[in-house]
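Dear colleague,

Please find the structure below, passed to you for your own work. My notes on its chain contact, nonpolar core and domains follow.

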Amino acid sequence: MLLQLLVNGLIIGSIYSIVALGYALIYNTTHIFHIAYASIYMFSSYMLLSFYINLNIPFIISFIIAIGLTILLSVLIEILVYRPLNKKRSSLNVVLISSIGIMIVVINIIAMFYGNETQILNPNISKSISIGNIIITYSQLAQFIVSLVLIFIFLIFLKFTKFGIKTRAMRDDSILCKVFGMDINRMRLMLFMLSALFAAVGSGLVAFDVGMDPYVGMPMLLNAIVALIIGGVGRFEAPILGGFIIGILQSLTVWVFSSRWQDAVTFILLILFLLLRPQGLLGEKKRAV
Amino acid sequence: MNYIFHIIIIINIYIILTVSTNLLVGMANLISLAQAAFYGFGAYLGVLALMILKLPMIPTIFFVMFFTALLSLIIAFPSLRLKGDYFILATLGFQLIVFTVLYNWISVTRGPYGIPGIPAPKLIGIIPVSGIIPFLVLSSILAGFVIFIFYKLVHSPFGRVLKGLRDDEIAVKSLGRNVTNYKILTFAISSAFIGIAGFIYASYVTYIDPTSFNLDEAIFILAAVLIGGTGNIKGPVVGAIFVVILPELLRFVGFPSSIAANLRQIVYGLALIILMRYRPQGIAGEYKLQ
Amino acid sequence: MNEDILQINSVKKSFVRNIIDVRGKEENERFFIIDDLDLQIPREKITALIGGNGAGKTTLFNIISGFMSPDSGDIIYQAENKQMSIIGLLPYKITRLGIGRMFQDDHIFHDMSVLDNMLLADADDFGEFPFISIIYNRKNKIIEQERIEKANSIFKELFGEDNPFWEKRDEPAKSLSYGQQRLLGLARLFMGNYDLVLLDEPTAGVNPQIINQILIIIRSMVEEKDVTVFLIEHNMKVVLDLADFCSFMSHGKITAFGTPDDVIGNDEVRRTYLGV
């Protein structure tokens, strides 16, 4: 039982990791408290639903289209809302409130067209494999493998490509980057695209397993934020670690208490980290600039 | 006619919520996503006072204010040590914890089943306040009282410190003012008055359940303040009226209620986006969010 | 009573820098911005602190006024027969002990009125506790009136009978000119009854006429109000004109201390800082 729960925790943790990574890409570099990310996440599931179920297009192709459209949404949000605010040098609180506004708009547009009910992508009970006492469904397996591959590619990408180095430079000092002639707007656009990619993949994989409703984004976003904080703001490995920790912790909560207390435990962990180790597990205190 | 009275009562409740929240957002520059938690504290404490302790109305109000403020300190002390985003995040975390507890601690709060049959509060221990007209009077008096108190506070030396705080926190510290204390006091005062709104809501509707006090409601309260405008009294009042009347207007125009619910949310969301871009002080406020 | 109002004993402060080199390798590096610094500030005198950019001058001010805490070391403050360590105290407590501060970038309240800027700086904080002003309405009115009188008399004393500050008292402070904002920042310090005042580059970026006014104000602080002044200054003419003592800071240490003539004449200072 415990082992099964730990495996489940690891699998959902891998999803938290990639979603948190997408959030961290924005938060670490632009410092935007990107609440709208919740709606970006949710949007992907519904696009997948439209193409896969409503239009009956093969799953892989639907998934790719859904990811593309989600990236488009993210780009639109950046160009139409965040970029003008950045140009006006609006404070981060103003950007945060705008972001909340975007989330409300997107969620309600989706709810208007698709309804508030839970919708499922895969009506059959997923096939599963068992190793000893542990049962893993194929869709869980897909979640785990795809997430790990994505994380792996991302880390290599961050380390060795020019874009990766620029991303890390921007995390450290975006004003300096501007001084050195980096095209910040283009950089931001690419970050928003990449971030939406992570959200879209995570969202599609989860939706295939458990379905969706218009409000799935917020809980996932909150888990992503907690993963980022306990991992450590500023490092891109951190949300990966944080994601797995939360996944496992939530499974343990189920084992010790019940699933109803998962959220409470997650947020108590958040509060403890904010108070006792705000730099997170991997972070180190830095000079405030 | 009763319909209009009902709308006014709801507006009064939201005026109390927004005017109190404005003290945090518009005066102390603290964006809190835990406002619905205090609203919920007020409602549940009101139920405790009315149903179990069987207190008359005025002691109930003081009871609610005092304990809501006290409970808010549990949130304020740790959160206020944090800056900027981390503060918002901490309030968000607390909001979710409070909701989870209200929802799952079934033996005490009855959780999702809610608490029905909340009795009418009794004036001077005997005269029950129930029915729409008495509640219209009661909520109007309380909303007026809250507006008066906050007007006085804003125009006092305390209000001056808060204005300093939102202008330049470091300067306030360097002038020998204990910034953390002021923030904690602001938090407690704001929560105490929000508690009143919870009490009126609970006794007016006579039924509460945790879903009235979830994160969506917290965002909604914050949106109402920011749409109306921050920094003065007029802004939050306009905000409260706007968010309560808008859905009624949409209904009059003839949208089916299934779409109207989503549509009004979309209007709020767009209002936030557009205001933040072109008018960060809101419709009638004077302070530009920072 | 000791003749030094402030004794700074072997204070250290370090930061971690996160560096990415050209190949994209990350590294954390610890460096000391204040490295075992000792300094005494003589009472009721003007002491200047000079040194290059990044020498750690403002960091030292931040440590004295409690905005940063040092890694190690001690700072002893001695006023009115009390002697105490001020390490670990919050900034507001340090201010309450009588150490005022003006920042490099003024930190006046731009959106508040000129008068409110002064009133908020008052040493007496009566009425600032919520509801007190409502409960003790009459006393509050009297004290507010006294505060306004106090601000008025400070303006008159510093800037003459018809000064722009009193005339513009109800306008937001941002409507003042840059130089006037600086003067308001200084005038605000007179509301606070301080024993020691830390000034971070008070003359930076203002015209010579305002500089003269600032010098007169700083002198009157010391001569008439018995305040001790400790200031960071880059303008050597101001240092020579104004300061009784001068200390030179380099690489987180005080490497020269004495009269301004001595320190500015010092070979090392001339070579490394003044470049002559």
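Two residues are taken to be in contact if their C-beta atoms, placed from the backbone, lie within 7 Å. Please bear in mind that this is a predicted model.

On that basis, the contact between chain A and chain B takes 32 residues from chain A and 32 residues from chain B. On the side of chain A that touches chain B, the elements giving two or more residues are α3 (59–87), α4 (92–114), α9 (217–231) and α11 (262–276) of chain A. The largest share of that side comes from α4(A), with 14 residues. Sorted by class, the side of chain A that touches chain B consists of 25 nonpolar, 5 polar and 2 charged residues.

The largest nonpolar core has 266 residues, of which V19(A), L228(A), I16(B), I196(B) and L272(B) touch the most other members. Helix α9 (residues 179–205) of chain B gives the most to this core, namely 15 residues. At least three residues are also drawn from each of domain 1 (1–98 + 244–276) and domain 2 (109–181) of chain C.

L272(B) deserves a separate entry. Leaving out residues up to four places away in sequence, L272(B) touches I97(A), S98(A), I100(A) and G101(A) in chain A, together with A223(B), L226(B) and I227(B) in chain B.

Lastly, the domains of chain C. This chain is divided into domain 1 (1–98 + 244–276) and domain 2 (109–181). The C-alpha centres of domain 1 of chain C and domain 2 of chain C lie 33 Å apart.

With kind regards

Methods
Residues numbered from 1 in each chain as written. Chains lettered and ligands numbered in written order. Predicted model: local features only at pLDDT ≥ 70, side-chain atom pairs only at ≥ 80, totals over all residues. Helix = DSSP H or I, 4+ residues; strand = E, 2+ residues; numbered from the N terminus. Nonpolar A, V, L, I, M, F, W, Y, C, P; charged D, E, K, R; others polar. Core = buried A, V, L, I, M, F, W, Y, C linked by C-beta atoms within 7 Å. Buried ≥ 20, exposed ≤ 12 C-beta atoms within 10 Å, placed from the backbone. Domains from an automatic or database assignment.
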